[in-house]
Number of protein chains: 2
Amino acid sequence: MTAPARPSSPVAGTVPAGMQYLYGSGEAAALSSQAYRALAQHVRASADYRQAGIEVASVVLAPGSSLASPHFVECGAKPLAIVLDIDETVLLNLGYEADEAARGLSYDDARWRRWEATGAGKVDPVPGAVEAINAARKAGVAVVYISNRTAANAPATARALEGAGLGKAIPGETLLLKEEGAGSGKDMRRAQVAETHCVVALVGDQLGDFSDLFSAAGMTPAARRAAADGIQIEPLWGAGWFMLPNPVYGSGLKGGIGEVFPANRRWTDPGAAAAADAPAGTLKE
Amino acid sequence: MTAPARPSSPVAGTVPAGMQYLYGSGEAAALSSQAYRALAQHVRASADYRQAGIEVASVVLAPGSSLASPHFVECGAKPLAIVLDIDETVLLNLGYEADEAARGLSYDDARWRRWEATGAGKVDPVPGAVEAINAARKAGVAVVYISNRTAANAPATARALEGAGLGKAIPGETLLLKEEGAGSGKDMRRAQVAETHCVVALVGDQLGDFSDLFSAAGMTPAARRAAADGIQIEPLWGAGWFMLPNPVYGSGLKGGIGEVFPANRRWTDPGAAAAADAPAGTLKE
């Protein structure tokens with residue numbers, strides 16, 4: 001988690017709407033369960049195909065891909081794996097977020113590192129994650145975590161995962177964290193897993209959990225949305241790429257009115273126009 | 001849409017985080033496409049089962065159900081149907097929301113009615129909705145909308161749906177809106193559809209789009225979340241009940257710190273404790 005975009009002006013003691021939704025609502029729990037149910041079905045189908053001798057495709061973009069022209073590394077006979085992000089993908093960081101809400105704080109990198117180091121007991125698994133990950137392991141599919149939590153806190157992060165029921169993660173093998181001085185891109189680590197495994201699913205809450213191409217410099221929110229919804233990428237959602245909800249922080253929380261709302265979808269309230277045009281005192285006459 | 005919960009203190013000219021996420025992000029577009037891909041697969045499987053003479057189950061709760069003990073109406077040979085909510089389920093209300101953001105307004109019922117009446121050209125379909133709904137119709141599955149838009153504006157709402165590529169909806173038949181003076185519950189309208197059709201999928205952005213039981217008086221956010229994630233209800237998400245994201249308004253945006261964050265998941269930042277305990281000037285010594 002690297003200096004993520006956050007709603008501005010937090011007020012101590014109040015819960016921002018995104019936190020109410022993600023951590024408190026049945027709606028968000030339903031979204032998460034639904035995503036993990038689709039993942040479990042996809043992993044089961046992939047394992048069945050492999051068993052039946054049918055070629056299974058990787059979902060990691062191959063070098064030279066663009067978002068308009070993606071292509072995928074070949075799998076051959078490599079063992080199957082799924083790759084998951086950690087924060088707000090398999091773990092809900094309840095302790096950290098409650099502390100921010102209670103004290104009205106914005107994201108702080110040093111505080112986040114203290115959280116990584118000491119928060120293992122104050123997380124919950126994302127609804128549906130434990131069942132889907134157990135099902136993958138039972139089907140003989142390896143489970144690998146790629147996260148930008150710092151590698152220096154790897155043992156504590158492994159404890160947080162195990163404590164939440166997400167099983168054992170081995171630093172450097174099935175737990176690939178951000179090394180000191182390394183960038184926040186994840187393509188290199190995805191390529192590293194794809195060297196030895198056939199990655200049949202990527203799971204995350206940010207577009208960067210699927211490809212660094214979404215993080216290209218100067219890409220506007222509208223361009224990122226158009227790429228995610230484009231004819232080449234859209235078919236991956238729910239069919240190899242699995243998105244978890246996160247309206248609390250990250251790359252989805254950007255943009256002013258002109259960037260979020262297309263110019264041809266702006267509406268003028270006829271009631272407001274009448275009010276503005278009417279001389280004082282004649283309103284609604 | 002009836003006086004929905006909204007984030008407090010909107011500021012004119014800025015976009016609340018929930019709107020940035022839902023209307024502007026690739027992440028939310030991915031979530032929506034993923035939900036509609038799961039719906040399309042479910043509808044196709046249901047149609048295939050029916051064709052093969054295999055019994056198909058309804059996903060509308062039967063009278064006498066509770067969330068701890070749900071049961072379902074029988075389908076017999078009734079024709080298949082799916083039931084969808086409209087706002088932020090199949091339509092993104094871009095014009096209305098941009099106006100609220102630009103002017104810093106909170107939800108207003110009269111303004112919303114003007115939007116229903118005049119906003120037909122200022123909406124977009126939710127990503128994935130058009131494709132899934134077309135696929136359902138192609139498979140011979142009826143498409144019915146149940147929404148709390150007012151019945152008085154039915155022709156304008158039908159125009160908005162058709163203009164967004166969501167096909168024809170016939171007021172009173174496949175477009176069941178809120179009649180003047182009626183409550184906002186939807187169970188009666190769901191039961192009405194289930195009388196003549198085998199409802200194989202419910203699609204919405206609020207728990208009330210699935211059962212009025214989630215709207216019982218006095219139900220806390222935690223109780224609603226526990227019910228949605230409970231052992232009897234959780235298996236429905238992505239397998240008959242399909243949730244779309246909406247961190248902008250509605251029943252998911254409720255709760256203070258004590259209601260959103262479980263007491264046993266609160267974390268005390270050791271850095272903050274050190275700062276508070278240390279006499280002035282000795283910090284970090």
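Guide: We may begin with a definition: contact means heavy atoms within 4.5 Å. Please note also that this is a predicted model.

Visitor: What does Val90(A) touch?

Guide: Leaving aside residues up to four places away in sequence, Val90(A) touches Tyr36(A), Leu84(A), Asp85(A), Asp124(A), Pro125(A), Val126(A), Ala129(A), Ile133(A), Tyr145(A), Leu161(A) and Leu166(A). Within the largest nonpolar core, which has 170 residues, Val90(A), Tyr145(A), Val90(B) and Tyr145(B) touch the most other members.

Visitor: Why is strand β4 of chain A called mostly covered?

Guide: A residue is buried when its relative accessible area is under 20%. In β4(A), residues 142–150, eight of the nine residues are buried, so the strand is described as mostly covered. Across chain A, buried residues make up 55% of the 285 residues.

Visitor: How do you know that β4(A) pairs with strand β1 of chain A?

Guide: Pairing requires at least two bridges between two strands. Four bridges join β1(A), residues 80–84, to β4(A), and therefore the two strands pair; they run parallel. Val83(A) stands opposite Val144(A) of β4(A).

Conventions. Residues numbered from 1 in each chain as written. Chains lettered and ligands numbered in written order. Predicted model: local features only at pLDDT ≥ 70, side-chain atom pairs only at ≥ 80, totals over all residues. Heavy atoms only, no water. Core = buried A, V, L, I, M, F, W, Y, C linked by side-chain atoms within 4.5 Å. Buried < 20%, exposed > 50% of the residue type's maximum accessible area, 1.4 Å probe, protein only.
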